[in-house]
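Subject: Structure handover

Hello,

Here is the structure I promised to pass on. Please open it first, then read the notes below.

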Amino acid sequence: GNIKLRLCRPQTIGAAFVAKPIQVADRVITLGIWDTAGSERYEAMSRIYYRGARAAVVCYDLTDSSSFQRARFWVKELQNCEEHCKIYVCGTKSDLIEGERALRQVDFHDAQDFAEGDEPRPTSRLWESDELFQKVAEDFSSSAFQLLSEETGVDLGQKKDSYFYSCCHGN
Ligand SMILES: Nc1nc2c(ncn2[C@@H]2O[C@H](COP(=O)(O)OP(=O)(O)OP(=O)(O)O)[C@@H](O)[C@H]2O)c(=O)[nH]1
């Protein structure tokens with residue numbers, strides 16, 4: 001028969017899960033990480049996975065301006081739907097730009113302005129992915145203590161959880 005092969009990059013379908021233990025001081029914090037599909041086709045499904053999330057890493061491709069638009073969409077979505085979710089914005093493929101600066105399609109300052117939003121406490125810096133998850137674990141190490149004492153009535157909906165960090169590569 002006439003078999004057609006579609007050769008394309010494998011996309012994430014649905015979501016993949018990994019539990020990542022991270023050492024923070026003398027404790028191990030285990031992050032439960034869902035890698036959700038970024039494409040429009042799986043939008044509704046991705047919502048299922050981020051529901052109740054306390055942290056989200058939204059990545060975009062520094063060499064693709066449309067991926068930045070997509071990242072903006074997800075950040076707004078998370079801000080609207082997940083009040084207590086801390087958002088980390090991360091530009092990927094900085095290694096490609098280092099080799100050829102003309103490949104950059106997302107301006108560092110545009111990304112920085114977006115990531116910082118109206119928050120008064122911007123922290124913009126370069127993140128390597130492992131470093132970023134380390135940061136997430138560190139940010140949450142104190143709230144993990146609070147989770148343990150939830151029954152005693154600690155308020156988890158603190159304002160500081162609505163801050164988000166920018167993580168931009170380059171410059
Ligand atoms: N050079 C380089 N390539 C990268 C980097 N990040 C991702 N890639 C490549 O870009 C392609 C797409 O990466 P994925 O992680 O599958 O992209 P995704 O956004 O998760 O895609 P979906 O799973 O469809 O949502 C793959 O071929 C990766 O190897 C990076 O920082 N540098």
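Ala25 sits in the loop that links strand E1 (15-24) to strand E2 (27-36). Helices (H or I, at least four residues) and strands (E, at least two) are DSSP runs, numbered from the N terminus. Ala25 is not a glycine, yet its phi is positive, about 55 degrees. Ala25 counts as exposed because it has 8 C-beta neighbours inside 10 Å. The cut-offs are these: a residue is buried if 20 or more other C-beta atoms lie within 10 Å of its own, exposed if 12 or fewer, and partly exposed in between, with C-beta atoms placed from the backbone.

Two points on the source. This is a predicted model, in which local features need pLDDT of at least 70 and side-chain atom pairs count only at pLDDT 80 or more, while totals for chains, interfaces and linings use all residues. Residues are numbered from 1 along each chain as its sequence is written.

Lys93 also has a positive phi without being a glycine, near 70 degrees. Lys93 lies in the loop between E4 and helix H3 (94-99). Its 17 C-beta neighbours inside 10 Å make Lys93 partly exposed.

Lys93 is also one of the closest residues to the ligand, together with Gln11, Thr12, Gly38 and Thr92. Ten residues surround the ligand in total. A residue is near a molecule or strand if its C-beta atom, placed from the backbone, lies within 6 Å of it. By class, this shell holds two nonpolar, five polar and three charged residues. Here Ala, Val, Leu, Ile, Met, Phe, Trp, Tyr, Cys and Pro count as nonpolar, Asp, Glu, Lys and Arg as charged, and the others, Gly among them, as polar.

Now the chain as a whole. It has five helices and six strands. From the N terminus, their order is β-β-α-β-α-β-α-α-β-α-β. Of the 171 residues, 19% are buried. Two residues are in contact if their C-beta atoms, placed from the backbone, lie within 7 Å. Take the contacts between residues at least 6 apart in sequence: 69% of them join residues at least 24 apart.

Next, the core. A nonpolar core is a set of buried Ala, Val, Leu, Ile, Met, Phe, Trp, Tyr and Cys residues joined through C-beta atoms within 7 Å. The largest one has 19 residues, and Val58, Ala71, Val75, Ile87, Tyr88 and Val89 touch the most other members. At least two residues of this core come from each of strand E3 (55-61), helix H2 (65-81), strand E4 (86-92), helix H4 (108-116) and helix H5 (129-148). Beyond its neighbours within four places in sequence, Val58 contacts Ala71, Trp74, Val75, Ile87, Val89 and Cys90. Cys90 belongs to strand E4. Cys90 is buried because 22 other C-beta atoms lie within 10 Å.

Which residues of H2 are buried? They are Phe68, Ala71, Trp74 and Val75. They fall within an arc of 115 degrees seen down the axis of H2, so they line one face of the helix. The arc is that of the directions from the helix axis to the C-beta atoms. E3, E4 and H4 are among the elements that cover these buried residues. Ser66, Gln69, Lys76, Asn80 and Cys81, on the other side of H2, are exposed.

Arg54 is in the loop between helix H1 (43-50) and E3. Its C-alpha atom is 9.8 Å from that of Val136, 82 residues away in sequence. Not counting residues up to four places away, Arg54 touches His84, Cys85, Lys86 and Phe140. Ser141 lies in helix H5. Leaving aside neighbours within four places in sequence, Ser141 is in contact with Val24, Arg27 and Ile29.

Best wishes
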